Amino acid sequence: MDPTTDNAGNTRDPGSARASLEALRAEIAKAVVGQDPAVTGLVVALLCRGHVLLEGVPGVAKTLLVRALASALELDTKRVQFTPDLMPTDITGSLVFDARTAEFSFQPGPVFTNLLLADEINRTPPKTQSSLLEAMEERQVTVDGTPRPLPEPFLVAATQNPVEYEGTYPLPEAQLDRFLLKLTIPLPSREDEINVLTRHAEGFDPRDLRAAGVRPVAGPADLEAARAAVAKTAVSPEITGYVVDICRATRDSPSLTLGVSPRGATALLATARAWAWLTGRDYVIPDDVKALALPTLRHRVQLRPEAEMEGVTADSVINAILSHVPVPR
């Protein structure tokens, strides 16, 4: 594979970039136990310039996961705790009057970072939730009519609690569709939980990642080289048709009131290409599409109330569709 030149004029080999990104799992595992699928999902999102919705009960290391990823990638990260009284300017920044100069100057908000952790995003009203839409889609914020670009790379990792709905504001479909992936963070297995407790008994401090041994193993230049390589990953007409057939099948499912939009089909193709490259291939196969179908599509469909009452889930509907849509040879 051809080498890639980054913005600084340095030549980066996509093979070494892949090795650096693969090393993230081992590095993050020094702080977070048993969350390899979530780590892979976050890397895929970075490669696709997308954003991630993390869903899990409190205490499963969602915040620690994002902090460890930022540390291992040597990226800047900020955390915003979303609350009912949070204002849009608390995220984007605002104009502040300077009495010394008698002028207004822009004070950047926490959104001006590489990895923004939007903690419990569904606890803030829609007006504040929508303040992230421009940042996520356009990678800029507009304050007083002036667009201000965000740093590159830029990723929003938003968390929400799947069991506590009192006092929350569910994300509208339009905003859910802006997230490339929805990753579920499960409770650890018994063995993993014992490992967590053993680490804490030995003095592990989740607030001190350096002491835990987490070191930068990749950086923005590796991401840039990897993105260029992913863009060259070949997609056959048969694979494109397979992605379209899966997404169209969601629109005809009797269990769903809302199927996957064309934007969702584009997202599935993008994540499948990133996964194919991460696994060492320069072309996409049907298994790549299947591997990313659930995290890419589960938040883009809406269940019928009667199906939900019968215990049907978005994942079960998508799995059923994957088992019925013909796989290209």
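Predicted model: local features only at pLDDT ≥ 70, side-chain atom pairs only at ≥ 80, totals over all residues.
1. Glu74 sits in the loop between α3 (62-73) and β4 (77-81), where helices (H or I, at least four residues) and strands (E, at least two) are DSSP runs numbered from the N terminus. Phi of Glu74 is near 55°, a positive value in a residue other than glycine. With a relative accessibility of 58%, Glu74 counts as exposed; the classes used here are buried for under 20% relative accessible area, exposed for over 50% and partly exposed in between, with a 1.4 Å probe and protein chains only.

2. Residues are numbered from 1 along each chain as its sequence is written, and side-chain values use heavy atoms, with hydrogens and water left out.

3. Glu120 likewise calls for a look at the backbone, as it has a positive phi of about 55° although it is not a glycine. Glu120 belongs to the loop between β7 (115-119) and α5 (126-138), and its relative accessible area of 23% makes it partly exposed.

4. A further backbone feature is the cis peptide bond that joins Glu152 and Pro153, with omega at about 0°. Pro153 itself lies in the loop between β9 (146-149) and β10 (155-160).

5. For the chain as a whole, the model has 13 helices and 13 strands. The radius of gyration is 21 Å, close to the 20 Å that the globule rule gives for 329 residues, so the chain is as compact as a globular protein of that length; the radius is taken over C-alpha atoms, and the rule is 2.2 Å times the number of residues to the power 0.38. Taken along the principal axes, the box filled by the C-alpha atoms is roughly 70 × 50 × 50 Å.

6. Among contacts between residues at least 6 apart in sequence, 77% join residues at least 24 apart, contact meaning heavy atoms within 4.5 Å.

7. How do helices α1 and α10 pack? Helix α1 (residues 14-28) and helix α10 (residues 262-278) meet at an angle of about 95°, with their axes 10 Å apart, and α1 and α10 are therefore roughly perpendicular to each other. The axes are lines fitted to C-alpha atoms, for helices over the stretch in contact, and angles run from 0 to 180 degrees between N-to-C directions; under 35 degrees counts as roughly parallel, over 145 as roughly antiparallel, 65 to 115 as roughly perpendicular and the rest as oblique.

8. The contact between these two helices is made by Pro14, Ala17, Arg18, Leu21, Glu22 and Arg25 of α1, together with Trp275, Trp277 and Leu278 of α10. By class, the residues of this contact are six nonpolar, no polar and three charged, where Ala, Val, Leu, Ile, Met, Phe, Trp, Tyr, Cys and Pro count as nonpolar, Asp, Glu, Lys and Arg as charged, and the others, Gly among them, as polar.

9. Asp177, in the loop between α6 (173-176) and β11 (181-184), is buried, with a relative accessible area of 13%. Leaving aside residues up to four places away in sequence, Asp177 touches Ser261, Arg263 and Arg300. Asp177 and Gly264 are 87 residues apart in sequence, and 7.3 Å separates their C-alpha atoms in space.

10. Ala38, part of helix α2 (residues 36-47), is buried at a relative accessible area of 4%. When residues up to four places away in sequence are not counted, Ala38 touches Leu65, Leu183 and Ile185; from Ala38 to Ile185 the separation is 147 residues in sequence and 7.1 Å in space, C-alpha to C-alpha.

11. Two further pairs deserve a note. Ile285, in the loop between α10 and α11 (286-297), counts as partly exposed at 26% relative accessibility, and its C-alpha is 33 Å from that of Leu171, 114 residues away in sequence.
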